[in-house]
Amino acid sequence: MELEFDNKVAYVGTGNRELDPGRETVVFVHGAGQDHTIWGMPTRYFARHNRNVLSVDLPGHGRSAGPALDSVEQMADWIVRVLDAAGLQTAAVVGHSMGSLVALDAAARYPDRVRAVAMVATSVPLPVIDRLLTTSKANDHAALEMLTLWGHSPSAHLGGNATPGMWMTGGAMRLLERAAPGVLHADLVACDEYLTGLERAEAVSCPVLLILGERDATTPPRAAGELSRTLRNVETVLLEGSGHSLLSEQPDEVLDALIRIV
């Protein structure tokens with residue numbers, strides 16, 4: 001579905017279902033350099049279980065008009081604009097990595113619009129190393145290679161996709177390669193400069209679910225410790241053996257966890 005506001009097109013996946021203001025809604029927010037396609041399985045599930053689904057392409061990503069937004073706060077504001085454009089009042093917001101920061105910020109600053117949050121593969125703050133910032137700014141393919149390497153557990157590099165014949169690391173690389181020049185760098189800078197996350201967490205009153213990968217080298221579980229201690233109403237699910245790419249490494253387990261809060 002294409003929504004239009006501010007004279008720009010915003011693309012959202014709906015699971016091929018019409019939106020109904022009488023139903024509860026879930027918004028899915030992707031990570032840096034990605035798009036709505038990472039949420040294929042949860043989108044289908046919740047759309048077929050009587051939920052409105054808005055699986056967004058953030059500005060400059062996928063099918064949404066650019067440019068990419070400069071900050072997590074701008075992305076959170078944009079998510080609320082999407083709800084407005086869709087004629088929907090409240091939603092559970094689910095985010096992966098960068099998207100998890102967007103979900104947190106939206107819940108803190110728009111408490112009347114966000115009824116629950118799920119943060120997948122998250123840490124607050126979420127610092128980005130200088131080499132990754134430098135290579136992404138230069139549109140150097142090495143940035144994509146680093147993200148793909150660090151974004152998967154050791155076993156995922158050997159295979160093991162739940163769908164036979166699918167290549168996890170290759171698919172992740174191709175997705176990043178689809179991003180327009182400059183988009184990945186803008187996303188990484190937004191993550192690196194989001195330094196008010198713990199302050200925002202103190203203001204969040206809705207239920208929050210943290211879904212973490214035991215073997216996540218990008219946002220290791222210990223990095224979410226301070227966040228967990230700061231949130232008032234939080235539950236943590238730790239997926240054994242999984243890396244940062246939880247949605248491809250353990251899709252069934254992620255969906256089972258999301259069902260509990262969405």
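User: Happy to be looking at this predicted model! In which hand does H5 pass H7?

Analyst: Welcome! In this predicted model, H5 covers residues 141–150 and H7 covers residues 168–177. Their axes come within 10 Å and cross at roughly 140°. The crossing of H5 past H7 is right-handed.

User: Which residues of H7 make that contact, and how many of the contact residues are charged?

Analyst: From H5, the contact draws on His 141, Leu 144, Glu 145, Leu 147 and Thr 148. H7 contributes Thr 169, Ala 172, Met 173, Leu 176 and Glu 177. By class, the contact of H5 with H7 has 5 nonpolar and 3 polar residues, and the number of charged ones is 2.

User: How are H2 and H3 oriented to each other?

Analyst: H2 spans residues 72–86 and H3 spans residues 98–109, with their axes 8 Å apart. They pack at an angle of about 65°, and angles of 65 to 115 degrees count as roughly perpendicular. H2 and H3 are therefore roughly perpendicular.

User: Which residues have the most contacts inside the largest nonpolar core?

Analyst: That core has 57 residues. Beyond its neighbours within four places in sequence, Trp 78 is in contact with residues including Phe 5, Val 56 and Leu 69. The residues with the most contacts inside the largest core are Val 27 and Trp 78.

Note on methods: Residues are numbered from 1 along each chain as its sequence is written. This is a predicted model: local features need pLDDT of at least 70, side-chain atom pairs count only at pLDDT 80 or more; totals for chains, interfaces and linings use all residues. Side-chain values use heavy atoms; hydrogens and water are left out. Axes are lines fitted to C-alpha atoms, for helices over the stretch in contact, and angles run from 0 to 180 degrees between N-to-C directions. Helices (H or I, at least four residues) and strands (E, at least two) are DSSP runs, numbered from the N terminus. A crossing is left-handed if the near helix is turned anticlockwise from the far one by less than a right angle, and right-handed if clockwise. Contact means heavy atoms within 4.5 Å. Ala, Val, Leu, Ile, Met, Phe, Trp, Tyr, Cys and Pro count as nonpolar, Asp, Glu, Lys and Arg as charged, and the others, Gly among them, as polar. A nonpolar core is a set of buried Ala, Val, Leu, Ile, Met, Phe, Trp, Tyr and Cys residues joined through side-chain atoms within 4.5 Å. Buried means under 20% relative accessible area, exposed over 50%, partly exposed in between (1.4 Å probe, protein chains only). Angles under 35 degrees count as roughly parallel, over 145 as roughly antiparallel, 65 to 115 as roughly perpendicular and the rest as oblique.
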